[in-house]
Amino acid sequence: MSGSIWTAVLAVKRLDAAKSRLRGALDEVPHERLALALATDTIAAAVACPDVADVLVVTGEDRLAEALEPLPVRLVPEGDEGDLNRAFALGAELAAGRPVAALTADLPALRPVELAAALRAAAAEPPERRFVPDTPGTGTVLLAAPAGVPLAPCFGPGSAAAHAASGARPLRGAWPSLRRDVDTAADLAAAAVLGLGRHTAALVGRLYAAPLNG
Ligand SMILES: Nc1nc2c(ncn2[C@@H]2O[C@H](COP(=O)(O)OP(=O)(O)OP(=O)(O)O)[C@@H](O)[C@H]2O)c(=O)[nH]1
Ligand SMILES: C=C(OP(=O)(O)O)C(=O)O
């Protein structure tokens, strides 16, 4: 199955609390701007994916509206208390009969063609929930549910095992830019090797550029 069929749901934590494991990793870079850039690049890649018809961003962060203004996304207010799985479930309820792809918003190297390939694999028969583990294999970057099937997200520490235990099937494609979530400075360096999206690159690209004279 291919074509623009999916509703992508991305969750973004409030910037003052987001990406706490990255805080202070790059002292020249303001932390909240970096957290915003990571999310913006991920969301822009989802928008550019040919298999995504609709992008919902669930957040309690007011500053996201301005940053995402140029992109055709729907912002869904999360309410006061942050809870990642509740945020994904809230977005999934608004998917209007489409299959849902819940994606973490910390994939600054994400290439739309790799997301498309994963979504096509997720749409294979039989219709069932499928997920893509992160590069280390313990977390989850993508959880996909067919139309009419509850998303039942189990994101959080150890979510790959939790999603498997919930009956979702892991997808085994390579998709390095999809699997490369950024939690730490080492993850950001690895994402830079893959190629950062333009918002993140504008902030940190020069820190990872290869020296000109060896
Ligand atoms: N809307 C919403 N998004 C969340 C929440 N918690 C995490 N997220 C988002 O979910 C994705 C994956 O979460 P994590 O990798 O744990 O990111 P994080 O919580 O910002 O990072 P740490 O503070 O280092 O744990 C990121 O895009 C976060 O912005 C939440 O409570 N609400
Ligand atoms: C929320 C998750 O991200 P991380 O483990 O990278 O915090 C997850 O993998 O479910």
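**View 1. What sits around ligand 2.** Sorted by type, the shell residues of ligand 2 come out as three nonpolar, five polar and three charged. Among the residues surrounding ligand 2 are L84, T104, F155 and P157. D134, D181 and D183 belong to that shell as well, and so do G139, T140, G156 and S159. Keep in mind that this is a predicted model, with ipTM 0.97 and pTM 0.96.

View 2. An unreviewed UniProt entry puts "domain: MobA-like NTP transferase" at residues 43–145. As for confidence, the protein chain averages a pLDDT of 94, with 96% of its residues at 70 or more.

**View 3. Strand β5, covered on both faces.** Zoom in on residues 130–133, which form β5. R130 and V132 are buried on one side, while F131 and P133 are buried on the other.

**View 4. The neighbours of β5.** Which strand pairs with β5 in the antiparallel sense? That's β6, residues 140–145, joined to β5 over four bridges. The β5–β6 hairpin has six residues between its strands, and G137 there takes a positive phi near 95°. Strand β7, residues 169–170, runs parallel to β5 and is joined to it by two bridges. F131 has a bridge partner in each neighbour: L143 in β6 and P170 in β7.

How values were computed:
Residues are numbered from 1 along each chain as its sequence is written. Chains are lettered from A and ligands numbered from 1 in the order in which they are written. This is a predicted model: local features need pLDDT of at least 70, side-chain atom pairs count only at pLDDT 80 or more; totals for chains, interfaces and linings use all residues. A residue is near a molecule or strand if its C-beta atom, placed from the backbone, lies within 6 Å of it. Ala, Val, Leu, Ile, Met, Phe, Trp, Tyr, Cys and Pro count as nonpolar, Asp, Glu, Lys and Arg as charged, and the others, Gly among them, as polar. pLDDT is the predictor's confidence in each residue, from 0 to 100. UniProt positions are given in the numbering used here, feature names are shortened, and annotations may be inferred rather than shown by experiment. A residue is buried if 20 or more other C-beta atoms lie within 10 Å of its own, exposed if 12 or fewer, and partly exposed in between; C-beta atoms are placed from the backbone. Two strands pair if DSSP finds at least two bridges between them.
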